Amino acid sequence: MLRLGPFAAAAARCLPAGPRLGPLCLAGSRGSFARSWPPAGDRGPLSRQVRAAAGGERLPVLKTPKGTRDHPPAQAALRDRLLSAVVSCFKRHGAAAIDTPVLELRETLVGKYGEEAKLIYELQDQGGELLALRYDLTVPFARYLAMNKITKMKRYHVAKVYRRDNPATTRGRYREFYQCDFDIAGQFDPMIPDAECLKIVHEILSDLQLGDFVIKVNDRRILNGVFAVCGVPESKFIPACTTVDKLDKLPWEEVRSEMVGEKGLSPEAADHIGEYVQLHGGLDLIEQLLQDPKLSQNKVAKEGLGDMKLLFEYLTLFGITGKISFDLSLARGLDYYTGVIFEAVLLQQENEHGEEPVSVGSVAGGGRYDGLVGMFDPKGRKVPCVGVSIGIERIFSILEQRLEASGEKLRTTETQVLVATPQKHLLAARMKLISELWDAGIKAEMLYKKDPKLLKQLQYCEDTGIPLAAIVGEQELADGVVKLRDVATRKEVDIPREKLIDEIRRRLEP
């Protein structure tokens, strides 16, 4: 309910039902309020309150849209740290950055995401173009390669994407969120780029110390071979694949029921599929399936199993097979995958600070999509691609809760020095000194008051984590020195003015 101040309430009562004002209001306010009504423009909160009370404009609802949120400085600083760690890994593997528009032609996006296409944000006709907000960074990358006739590239892309989902913000799911993608495009020998993508996932999750994790791998060709030998018509491969992809959330009985009841598979075919998709293991399982009397006779499945064996050989050389699981239930619901697919899942959370475990599920995923670029090329020329997307929002939700539970205070600025004065009438001295520091590339601040108290200036350093204070008073000016204070130890030493910058740099060295 809107609450008005005394003056606003009285003014609102003066307003008549019609468009003209009565003499009572004129007399009660000496005509000043009446002459200003209705306002020529927006005259601030008071006029907006009065007009709202009189049945005029509706006060705006102060909230972010569903599935989105603001990030105050502490959260933004934590996100920057996380993104920096991920991007440094991408750069370590030789990737170059690109950027693409947040808007794509609607026809660019449709037909690439299977059942998830209903989550695309489509926009109204804007001057003859049907547009949509990008759903991921993979399809725009494929469009970029085809449009620019690029056949070989290793790239990373960090940007926001949009999905008209029913978000579960407690699990790090939003309608607007960042994706961090690494992709290798080009014709190379089998499984070498794929193995590097899995190594990148392993490096990032290990560096971030998120707890125990497993990277599930599978191959769409193996899945398609399973469907074929189980009697599934080829036209129903993708619907069946989408249903299998739900096995990480639903028990097999429910998945089987959907296959039969909604996807139109026979009960016998569903039962046969169940015999395969509940298997998981390593090289031993690959060898077992290569000897399977049905799968070994299927050309597509045999190719997939051969590449999977090769992939495990490379992952052994990288020393990461301890975190890899060949899991036939992994399907990845997107239509564009054609070969190896993978997904990283957190198994449990460390509880060093006693926080509740965070259930966030998958934190990275990707795979091979050899046909996607050809869908945009006029001549259908294919550019084989494989890539991985890091689930930044879900990882961020874990780090955010962990930081909150630890009570650690995260710095939101990078200020290195506060320029302070102990007496009045020294603003000019502060401004000259801080300008010298800025020109030398030192991150410095000062308080925006002519004569701030020294105690308040030093307290500001402690509150914001600024490590050094450069204090210049009347005596320091006379002696040609600056008093440099270590905020943590509170020790002070006089430094000759001409040596101050070198001394600050020395102290700030890691």
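Accessible areas in this tour come from the Shrake-Rupley method with a 1.4 Å probe, and for residues only the protein chains shown count as cover. The structure is a predicted model, in which local features need pLDDT of at least 70 and side-chain atom pairs count only at pLDDT 80 or more, while totals for chains, interfaces and linings use all residues. Residues are numbered from 1 along each chain as its sequence is written, and side-chain values use heavy atoms, with hydrogens and water left out.

**Start with the whole chain**

Select everything: the accessible surface of the chain comes to about 26,600 Å², and carbon and sulfur atoms account for 52% of that area. In cartoon view, look for 19 helices and 16 strands, which are DSSP runs numbered from the N terminus (helices are H or I with at least four residues, strands are E with at least two). Of the 510 residues in the chain, 46% are buried, where buried means under 20% relative accessible area, exposed means over 50%, and partly exposed lies in between (1.4 Å probe, protein chains only). Contact means heavy atoms within 4.5 Å, and among the contacts in the chain with a separation of 6 or more, 67% are between residues 24 or more positions apart.

**Go inside**

In soluble globular proteins, nonpolar side chains tend to be buried together. A nonpolar core is a set of buried Ala, Val, Leu, Ile, Met, Phe, Trp, Tyr and Cys residues joined through side-chain atoms within 4.5 Å. Select Ile 273, Phe 326 and Ile 390, the residues with the most contacts inside the largest nonpolar core, which has 77 residues.

**Move to Asp 451 and His 425**

Select Asp 451, which sits in the loop between β13 (444-445) and α17 (454-464) and is partly exposed, with a relative accessible area of 32%. Leaving out residues up to four places away in sequence, Asp 451 touches Lys 424, His 425, Leu 426 and Arg 430. The C-alpha atoms of Asp 451 and Leu 426 are separated by 7.3 Å, although these residues are 25 apart along the chain.

Which atom of His 425 lies 2.7 Å from a polar atom of the side chain of Asp 451? Its backbone nitrogen does. His 425 itself belongs to the loop between β12 (417-420) and α16 (427-439), and it counts as exposed because its relative accessibility is 71%. The phi of His 425 is near 60°, a positive value in a residue other than glycine.

Is Arg 490 buried or exposed? Arg 490 counts as exposed, at 51% relative accessibility. Glu 476, in helix α18 (residues 474-479), counts as buried at 10% relative accessibility. Leaving aside neighbours within four places in sequence, Glu 476 is in contact with Ile 471, Val 481, Val 482 and Lys 483.

**Finish in strand β2**

For the last stop, select Leu 103, which lies in strand β2 (residues 103-105) and counts as partly exposed, at 36% relative accessibility.

Notes:
Polar contact = N/O pair within 3.5 Å; in protein donor to acceptor, adjacent residues only side chain to side chain.
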